[in-house]
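The following exercises ask the reader to work through a protein model step by step. Each task is followed by its solution.

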Amino acid sequence: MRITTLPGELNIRWKGVKDRRIYQLEFTDSDPLVEANFKLLVMTGKNFDTATGLASHKPYSFRVNAVGADGVGPWSDIATCKPCEWCGAGRSPSGLRPAQ
């Protein structure tokens, strides 16, 4: 998963999965190691989305899975990032890290 940041928003992109019907993208602004903290952000047929209306410098964690004819796939690794107050468009954040 790759995340780029703009003021108040995060652009999330992930590798596509062959034969998927839809992706489920979830996020949390709490502890990403607690399953119940994740909430559905979007269900989409594309391998990218933009989370908007976010607080700058607050960490947000994301995960995605694919749903296809064979059912629901496993969740991706978790990626965590903070939107910046001001940074150049498309800047990759230093706060991006996979879950341990």
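**Exercise 1. Determine how strand 1 and strand 2 are paired.**

Solution. Step 1: Strand 1 (residues 2-6) and strand 2 run antiparallel and are joined by five bridges. Two strands are said to pair if DSSP finds at least two bridges between them. Strands are DSSP runs of E with at least two residues, numbered from the N terminus.

Step 2: Thr-5 has Leu-10 of strand 2 as its bridge partner.

Step 3: The hairpin of strand 1 and strand 2 has two residues between the strands, and Gly-8 takes a positive phi near 75° there.

Before continuing, note the basis of the values. This is a predicted model, in which local features need pLDDT of at least 70 and side-chain atom pairs count only at pLDDT 80 or more, while totals for chains, interfaces and linings use all residues. Residues are numbered from 1 along each chain as its sequence is written, and side-chain values use heavy atoms, with hydrogens and water left out.

**Exercise 2. Find the residues that have a positive phi although they are not glycines, and state where they lie.**

Solution. Step 1: Asp-19 is not a glycine, yet its phi is positive, at about 65°. Asp-19 is found in the loop between strand 2 (9-13) and strand 3. With 64% relative accessibility, Asp-19 counts as exposed (buried means under 20% relative accessible area, exposed over 50%, partly exposed in between, with a 1.4 Å probe and protein chains only).

Step 2: His-57 also is not a glycine and has a positive phi of about 65°. The loop between strand 5 and strand 6 holds His-57, whose relative accessibility of 47% makes this residue partly exposed.

**Exercise 3. Describe the largest nonpolar core and the elements that contribute to it.**

Solution. Step 1: A nonpolar core is a set of buried Ala, Val, Leu, Ile, Met, Phe, Trp, Tyr and Cys residues joined through side-chain atoms within 4.5 Å. The largest one in this model has 15 residues, and those with the most contacts inside it are Ile-3, Leu-10, Ile-12, Trp-14, Leu-25, Tyr-60 and Phe-62.

Step 2: Two or more residues of this core come from each of strand 2, strand 3, strand 6 and strand 8 (79-81). Strand 6 gives the largest share, four residues.

**Exercise 4. Which residues surround Trp-14, and with which residue does Trp-14 form an aromatic pair?**

Solution. Step 1: When neighbours within four places in sequence are left aside, Trp-14 is in contact (heavy atoms within 4.5 Å) with Met-1, Tyr-23, Leu-25, Thr-44, Lys-46, Asn-47, Phe-48, Asp-49 and Val-64.

Step 2: The whole structure contains two aromatic pairs. One of them is formed by Trp-14 and Tyr-23, with 5.6 Å from centre to centre and 75° between the planes, so the pair is edge-to-face. Rings of Phe, Tyr and Trp (its six-membered ring) pair if their centres lie within 6.5 Å; planes under 30 degrees apart count as stacked, over 60 as edge-to-face and the rest as tilted.

Step 3: Trp-14 is buried, at a relative accessible area of 6%, and Tyr-23 is buried, at 2%.

**Exercise 5. Identify the salt bridges and the rings that involve Arg-63.**

Solution. Step 1: A search of the whole structure gives three salt bridges (a side-chain nitrogen of Lys or Arg within 4 Å of a carboxyl oxygen of Asp or Glu). In one of them, Arg-63 meets Glu-26 at 2.7 Å, N to O. This pair links distant parts of the chain, with Arg-63 in strand 6 (residues 60-68) and Glu-26 in strand 3 (residues 20-28), 37 residues apart.

Step 2: Glu-35 also forms a salt bridge with Arg-63, the closest N and O atoms being 2.8 Å apart. Glu-35 lies in the loop between strand 3 and strand 4 and Arg-63 in strand 6, so this pair ties together parts that are 28 residues apart in sequence. Glu-35 is exposed, at 52% relative accessible area, whereas Arg-63 counts as buried at 6%. Through shared partners, salt bridges join Glu-26, Glu-35 and Arg-63 into one network.

Step 3: Arg-63 lies over the face of Phe-38, 4.2 Å from the ring centre, and over the face of Trp-75, 4.1 Å from the ring centre. A charge sits over a ring if NZ of Lys or CZ of Arg is within 6 Å of the ring centre and within 35 degrees of the ring normal.
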